[in-house]
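Hi everyone, thanks for coming. Today I'd like to walk you through some charge pairs, so let's bring the structure up.

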Amino acid sequence: MNAEHDDTLRLLGESLRRFVEKEVVPRAAAWEEQGHVPREVLREMGRLGFLGLRYPEEYGGAALDARATALLAEELGRSTFGGFAITVLVHTDMASPHLMNAGSEEQKRRYLGRVVAGEAITAVAVTEPDAGSDVKSIRTRAERRGGDWVLNGSKMFITNGVLADLYFVAARTDAAAGSKGISMFIVEKGAPGFSVGRRLDKHGWRSSDTAELVFQDCRVPAANLLGEEGRGFYAIMRNFQNERIAIASMAMGESARALELTLEHVKTRKAFGAPLWEKQAIRQRLSLLSAKVEAGRQLVRHAAGLDALGRDCVKEVSMAKAYCGELVNEVMYDCLQFHGGMGYMRESAIERMTRDARVQSIGGGATEVMLEEVAKRL
């Protein structure tokens, strides 16, 4: 695009990597045990400018594009703690973009500076017990009553669900209008009738706070309608591209780091009188996986570049999400295998990374859904 922008991204990547190595890797095991990332860590990321990469400078952001999202996600993925990475990425690239894309000037002035600073953590509440990738099937209702909207229903698998301050909630405002009957709302923590039903206990992403949310005659001011009534489905579809770039790039950061850890292991671990690296089958398998990961990285970066140019890139983003979500699981399977028994121990980074990777082919659009999006455009 231009050399100045590339230099900015290079410096950003170096800063992110230093932060992850110094502030995350030595401490994140404790976050896995407590089930969430401490607020002070997110505030520090805000102070360093990591939480507003895509937002205008007037709100404290860096005014960058989708390539910055891909870079952020890849470096966070390299932390080896998927729960930490997704906590940040939901805030920066999956929830708060709804405010930036559809919010009124008053709404952005009220909230966006705090979001960029890490003072107000965000979550997006679309998924329900019976509606995930099929957004048109959501059942949570919103009815206009005087000066308020009243929400009833529940949301499931909501990242940052317990500890968020701002929730961008999809609800049906017209039962007969199909996809045109869904709207988005800003719901603040503590809103009357809004509660966390339960904190969810997950297979992986253990340091990610995930919850079921309940709306029981939850009243929000009419001014908290986010964007136009009936345009929520299209807002969700628009930001899915951003979300999928982030998840795919995160998966490639995880994969690259897993291969590095495995390479270190097989070059020092001896079996049958020689390092495992001397086994041709292992060398060639790791080499092929390295090639696949590099291909995945380039696919994500290509999709992000198209997005930055404002081009239609649904096919490329869907390809990247499907390919990278499956590849990260392939990488982790072999990396754990080559670690032997130690790879199965909870003290091993690879054991944790293998658990974390399993959701990458599910969250943000299951592989099968992504492949159907590609098929429509072939």
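Let's start with a question: is Arg301 buried, partly exposed or exposed? With a relative accessible area of 38%, Arg301 is partly exposed; here buried means under 20% relative accessible area, exposed means over 50%, and partly exposed is in between, with a 1.4 Å probe and protein chains only.

A quick word on what you're seeing. This is a predicted model, where local features need pLDDT of at least 70, side-chain atom pairs count only at pLDDT 80 or more, and totals for chains, interfaces and linings use all residues. Residues are numbered from 1 along each chain as its sequence is written, and side-chain values use heavy atoms, leaving out hydrogens and water.

Now, the partner of Arg301. Glu74 forms a salt bridge with Arg301, with the closest N and O atoms 3.4 Å apart; a salt bridge is a side-chain nitrogen of Lys or Arg within 4 Å of a carboxyl oxygen of Asp or Glu. Glu74 sits in helix H4 and Arg301 in helix H9 (residues 280-308), so this pair ties together parts that are 227 residues apart in sequence. Helices, by the way, are DSSP runs of H or I, at least four residues, numbered from the N terminus. Glu74 counts as buried, at 7% relative accessibility.

Next, Arg17 and Glu75 meet in a salt bridge at 2.9 Å, N to O. Arg17 belongs to helix H1 (residues 3-24) and Glu75 to helix H4 (residues 66-77), so the pair links parts 58 residues apart in sequence. Glu75 is buried at 5%, while Arg17 is partly exposed at 32%.

By this rule, the count comes to 29 salt bridges.

Notes. Helix = DSSP H or I, 4+ residues; strand = E, 2+ residues; numbered from the N terminus.
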